[in-house]
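Visitor: Please show me the model. I would like to go through how its inside is packed.

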Amino acid sequence: MVGRVAVIVPVLDEVRSIGATVRSVLSSGAYCIVVDGGSTDGTLERAREQGALTLAARRGRAAQMNAGAREAGAFEILLFLHADVTLPDGWRTAVETAIDQGALWGRFDVVLDSTSWVLGVVGDAMNLRSRITGIATGDQALFIRRASFDALGGFADLPLMEDVDLCTRLVRARLPRAALRDRVRVSARRWERHGVARTVLLMWCLRFLWWVGVPADRLHRMYYGQPR
């Protein structure tokens with residue numbers, strides 16, 4: 001076994017970004033599991049070239065991350081990472097220290113991979129929102145002790161909002177968390193492709209609709225423009 005932390009990365013056609021993501025994991029000596037949902041662009045080959053363990057699962061981040069957690073076996077700490085996010089130097093020490101000091105789960109701050117001051121503000125707003133609400137999203141490198149993850153049943157089988165749902169259950173269970181100020185670097189492609197204002201508005205709209213009880217399947221159609 002390599003260390004105490006297993007990093008699980010769900011992917012679907014992420015050949016352009018997966019190499020850097022895997023390298024940021026393995027540079028710390030941690031274990032990396034890349035879980036594919038049906039890529040056709042060479043993502044798995046690139047991940048294996050970089051040294052990650054790869055496996056296939058039913059498409060959908062929740063299903064893929066749960067499959068990765070099962071594959072992680074006896075690792076004490078699970079960290080769930082999006083394929084377009086890279087971890088900072090010293091991340092593993094930060095995670096292990098937080099857990100050793102009593103946290104059962106936590107997340108990182110983010111910085112968007114852009115020179116735009118507007119996107120700098122967006123990243124800061126994401127960090128502030130997370131500190132106020134206690135809710136983290138997948139971009140923030142969510143980590144959790146396996147025992148706590150298993151006790152909550154892992155990720156719910158949702159096509160969207162699986163990260164918000166898990167964090168909500170963690171908060172309601174009053175499990176101690178760590179809000180790390182170390183910053184993961186998140187690709188700004190979503191904001192650059194669709195526009196900052198439109199993307200921020202869509203994200204807040206989806207969160208509000210989820211909060212008032214709109215089903216995740218309907219939110220998935222709104223976000224992706226197609227059914228699950």
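**Cores, strands and a helix**

Guide: The largest nonpolar core has 39 residues, and those with the most contacts inside it are Val9, Val34, Leu79, Leu81, Trp91, Phe108 and Phe143. Such a core is a set of buried Ala, Val, Leu, Ile, Met, Phe, Trp, Tyr and Cys residues joined through side-chain atoms within 4.5 Å. Buried means under 20% relative accessible area (1.4 Å probe, protein chains only). This is a predicted model: local features need pLDDT of at least 70, side-chain atom pairs count only at pLDDT 80 or more, and totals for chains, interfaces and linings use all residues. Residues are numbered from 1 along each chain as its sequence is written, and side-chain values use heavy atoms, without hydrogens and water.

Visitor: Which helix gives the largest share of this core?

Guide: Helices here are DSSP runs (H or I, at least four residues), and strands are E runs of at least two, numbered from the N terminus. Five residues, the largest share, come from helix α4 (residues 91-100).

Visitor: Which way do the side chains of strand β4 (residues 77-80) point?

Guide: In a regular strand, side chains alternate between the two faces of the sheet. All four named here are buried: Ile77 and Leu79 point one way, Leu78 and Phe80 the other way.

Visitor: In what sense does β4 pair with β7 (residues 142-145)?

Guide: Pairing requires at least two DSSP bridges between two strands. Leucine 78 has isoleucine 144 in β7 as its bridge partner. Over four bridges, β4 and β7 pair in the antiparallel sense.

Terms used
Buried < 20%, exposed > 50% of the residue type's maximum accessible area, 1.4 Å probe, protein only.
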